[in-house]
Amino acid sequence: MAKHLTDLDDAVDLILSHTYGPLRMGAPLGIGKPHRLLNALYARIAAEPSRSWMLYTALSLDPPGGGKGLEGRFVKPFAARHFGEDFPRLAYVQAIKRDALPPNIEVEEFYMQGGALLRSTTAQRHYASLNYTHVARALADRELNVIVQKVAREAGGTRLSFSCNNDLTQDAVDAIVARGLPRPLLVAEVDPELPWIGGTAAVDEDYFDLVVSPPGPYPALFGLPRQPVSDVDYAIGLYASTLVRDGGTLQIGIGALADALCHALVLRHTDNATYRRVLAALDPELERHPAVIASGGLDPFAIGLYGCSEMINEGFKRLVETGVIRRKVADDEALMQRLADGTANLGDQARLERDGEYLHGAFYLGSPAFYEWLRTLPEDQRRAIGMRRISLINELERGRESLARLQRRDARFFNSCMMATALGAAVSDGLDDGRVVSGVGGQYNFVDMSNALDGARSVLMFRAVREDAGAAGSNVRWNYGHTTIPRHLRDVYVNEYGIADVRGRNDEDCIIAMGGITDARFQQALMAQAQQAGKLRAGFHAPAHWIDNTPVHLSARLRAFRHDGTLPDYPLGSDFTDVEQRIVKALSWLKENTATPWKKIGTVLRALGAKPDDAEAMDRMALSSPLTLGERLEAKLLTLGLSETRQPS
């Protein structure tokens, strides 16, 4: 029988009384963490040096702080509005960022908020490099004695839902008990803001030992601000969308590339004629690309897709709303086999329609609008979304493999990487000096699964060029000191310059394919490195069309569609106001044009003559009446940025 409490300090007392030695605690990634309970624990244990606390978790989300100058003027008011003034920042995260954790508290994460902790030696030293599906085993190795989890309560009922994080808790408990270890103390914190998800995500409240229902007010859930999508991002999303087979299975990650891919899939389905015009402008030969032909063509989705992804996010919301995702599956192997054989009867079809699900995920994360969508879904749509254990999403689980094969036909696993080598390896999570940017997460799982499933492909998306201190560099490298996906698992790479299908190719063919999606500024040097290594024939000459791989050519191809709204800045909606969207563009332009000392000098000199003509933007940035010299310069720079990025009428 679960014990019920409403006071967080009482909950801390109970947790501490349960363990007389070190407190070894697990907490979900993302929004499944009970922030207020964790902060109460941190305050208590930080003040008691004799107690030790080891916290095992991932993706400890922290709202942006704002910084100084124009960035701070923009971010601080936005963060207060978007996250809420009362958002409970995790105390341990603030300490980690300062490398100031108390000696009796240790935090180990297997996935970090992208790039946020590169400078924290505490975070870097205690990062655990794990495939997502290996985390439950690792938690058993660490002999967890407490697991805390934020949950939703059923309206008018007593059941609790893992809701946003059905990924690891049950797998971890099973792994711990299988070792012959005591079942950990399971603590649930009820959050009325958390959307209710039933099905396999729901459990009786007695699954937990302690259920904490703190009084309100209840802070808003952490909402990821939706970011603008650039020409580069759109090109990548458009190319990637041509690889999706109707009636297949879709997995996507998060970020602007995923947003662009989802928009392209929606365009393909809802306005196919325009979709084909955009593709023809981007690449007249694209429809004849072997990888596109092998995926079945560019028609709308007559059957629809089944979504099976470790994370459900904003893009899936739009795909469900527009009918792209609608192919239902059932956890009944015999039924799925009859559907595959074409022998299913009307009763089978009716049962599939009634009980089937078209979207499976292990955790979800998105904007406030995404959470509201989940809260207000009609019951028939809510039943079609199933939150599952990570062991059921990210791998072909033993005992269920044949069922998964029937469900996950023609799977396309879309993930992002930072760099790729000419020989087909991917760099997705870390730098060559050993520092971790994010984590492996489930990427390796999906690459591995793409090789295990008939008709499946792994597609790694990346931007061809990066900017570092004002200098452009190629993200197609000859080699790199760290890899996430080894070259022997190379499959499909997509960037703004096209599709490189390198699965099963020999090294020379792989190099040529990767060269074909390399920015023109870096092609010659890359091919020379390959020739020097004896991996490319001495007489190789790059095809003439390679020279068009430039940002200028790319923007020209997409300009008309950016201008007419076919490819909007925020395809999945925006959390910024109209004036904030203008400011975001201006700040991005200023960042690019002040990246080097010479660029900064030139931009400042130009700004001195700028005359404000966007009173709304100046007011939003509190620069309508600048007083100090610094404020006057910021006002001038913002004015210049707004002028340079103004949409032509």
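Trainee: In which sense do strand β3 (residues 53-57) and β4 pair?
Mentor: The model is a predicted one. Strand β3 and β4 are joined over 5 bridges, and Thr57 stands opposite Glu109 in β4. The sense of the pairing of β3 and β4 is parallel.

Trainee: How many residues of strand β5 (residues 146-153) are buried?
Mentor: Strand β5 has 8 residues and is largely enclosed by the rest of the structure.

Trainee: Over how many bridges do β5 and strand β7 (residues 185-190) pair?
Mentor: β5 also pairs in the parallel sense with strand β2 (residues 23-26), over 2 bridges, where the bridge partner of Met25 is Val146 in β5. Val146 also stands opposite Leu185 in β7. The pairing of β5 with β7 is parallel, and its number of bridges is 6.

Trainee: Which residue takes a positive phi in the hairpin of β5 and β6?
Mentor: β5 and strand β6 (residues 160-161) run antiparallel and are joined by 2 bridges, with Leu160 in β6 as the bridge partner of Arg153. The hairpin has 6 residues between the strands. The residue with a positive phi, near 75°, is Gly156.

Trainee: Which residues have the most contacts inside the largest nonpolar core?
Mentor: This core has 141 residues, and its largest share, 9 residues, comes from helix α9 (residues 256-270). A second, separate core of 38 residues includes Leu8, Ile45, Tyr92 and Leu117. In the largest core, the residues with the most contacts are Ile31, Phe208, Tyr364 and Leu638.

Trainee: Are α9 and helix α12 (residues 314-321) roughly parallel or roughly perpendicular?
Mentor: The two helices pack at an angle of about 5°, with their axes 9 Å apart. The contact is made by Cys262, Leu265 and Val266 of α9 and Gly315, Arg318 and Leu319 of α12; these residues divide into 4 nonpolar, 1 polar and 1 charged. Angles under 35 degrees count as roughly parallel, and the arrangement of α9 and α12 is therefore roughly parallel.

Trainee: How are α3 and α26 oriented to each other?
Mentor: Helix α3 (residues 69-83) and helix α26 (residues 629-644) pack at an angle of about 75°, their axes being 10 Å apart. Gly69, Leu70 and Arg73 of α3 meet Glu631, Glu634, Leu637 and Leu638 of α26, a set of 3 nonpolar, 1 polar and 3 charged residues. An angle from 65 to 115 degrees counts as roughly perpendicular, so the orientation of α3 and α26 is roughly perpendicular.

Trainee: Which strands stand at the edges of the open sheet formed by 3 strands?
Mentor: The pairing in this sheet is mixed, and the order is β16-β15-β20. Strand β15 (residues 419-421) and β16 run antiparallel, joined by 2 bridges, and Met419 stands opposite Val427 in β16. Each edge strand has a single partner strand, so one side of each is left without a neighbour in the sheet; the edge strands are β16 (426-427) and β20 (476-477).

Note on methods
Residues are numbered from 1 along each chain as its sequence is written. This is a predicted model: local features need pLDDT of at least 70, side-chain atom pairs count only at pLDDT 80 or more; totals for chains, interfaces and linings use all residues. Side-chain values use heavy atoms; hydrogens and water are left out. A nonpolar core is a set of buried Ala, Val, Leu, Ile, Met, Phe, Trp, Tyr and Cys residues joined through side-chain atoms within 4.5 Å. Buried means under 20% relative accessible area, exposed over 50%, partly exposed in between (1.4 Å probe, protein chains only). Helices (H or I, at least four residues) and strands (E, at least two) are DSSP runs, numbered from the N terminus. Two strands pair if DSSP finds at least two bridges between them. Axes are lines fitted to C-alpha atoms, for helices over the stretch in contact, and angles run from 0 to 180 degrees between N-to-C directions. Angles under 35 degrees count as roughly parallel, over 145 as roughly antiparallel, 65 to 115 as roughly perpendicular and the rest as oblique. Contact means heavy atoms within 4.5 Å. Ala, Val, Leu, Ile, Met, Phe, Trp, Tyr, Cys and Pro count as nonpolar, Asp, Glu, Lys and Arg as charged, and the others, Gly among them, as polar.
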